[in-house]
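Please read it with the sequence and the structure at hand.

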Amino acid sequence: MKSAHDLVAAARSRIDEVDLPQADAAIQAADLLIDVREADEFSAAHIPGAVHIPRGLLEFRLSNDPQLANRDLRLVLYCKNSGRSALAADALREMGYRQVLSLAGGIDAWQAVGRDVLAPSLPEFD
């Protein structure tokens with residue numbers, strides 16, 4: 001029986017990941033940067049320019065949106081630490097998308113090196 005880690009390792013063997021040093025160029029060249037985390041995670045902080053499509057809805061959203069049907073779209077996916085984005089990238093590869101990258105280390109790695117994120121700011125109360 002396979003574990004979640006086994007599935008992620010297998011997915012990583014079939015997809016392309018982009019490391020942090022190359023991430024900026026990959027994101028700038030992408031047609032879409034997709035955060036595949038859950039809504040509360042996205043709301044807490046996300047990479048500027050990212051759109052939110054949760055992992056559980058990704059295949060359906062891309063299948064049902066004519067603007068996302070082009071299999072040559074350049075897509076960069078990320079999650080918390082790159083497990084879900086690897087699985088998502090593998091699913092999109094299976095669907096025929098040819099230019100999908102997963103951000104190695106996810107938003108955790110992004111933030112660990114001090115990269116900018118968008119996060120809600122709360123008003124100060126005196």
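Which pattern does the chain follow when read along the sequence?

1. Read along the sequence, the pattern is α-β-α-β-α-β-α-β-α-β-α. The chain thus holds 6 helices and 5 strands; helices (H or I, at least four residues) and strands (E, at least two) are DSSP runs, numbered from the N terminus.

2. On the basis of the note: this is a predicted model, in which local features need pLDDT of at least 70 and side-chain atom pairs count only at pLDDT 80 or more, while totals for chains, interfaces and linings use all residues. Residues are numbered from 1 along each chain as its sequence is written, and side-chain values use heavy atoms, with hydrogens and water left out.

3. On overall dimensions, a compact globule of 126 residues would have a radius of gyration near 14 Å, and the 15 Å of the chain agrees with this. The radius is taken over C-alpha atoms, and the globule rule is 2.2 Å times the number of residues to the power 0.38. Along the principal axes, the C-alpha atoms fill a box of roughly 55 × 35 × 30 Å.

4. Of the 126 residues, 38% are buried. Buried means under 20% relative accessible area, exposed over 50%, and partly exposed in between (1.4 Å probe, protein chains only).

5. Contact means heavy atoms within 4.5 Å. Among contacts between residues at least 6 apart in sequence, 68% join residues at least 24 apart.

6. Is valine 36 buried or exposed? Valine 36 has a relative accessible area of 0% and is therefore buried. This residue is found in the loop between β2 (32-35) and α3 (39-44). Leaving aside neighbours within four places in sequence, valine 36 is in contact with several residues, among them Ile53, Pro54, Leu58, Tyr78, Cys79 and Ala88. The C-alpha atoms of valine 36 and histidine 52, 16 residues apart along the chain, are separated by 6.3 Å.
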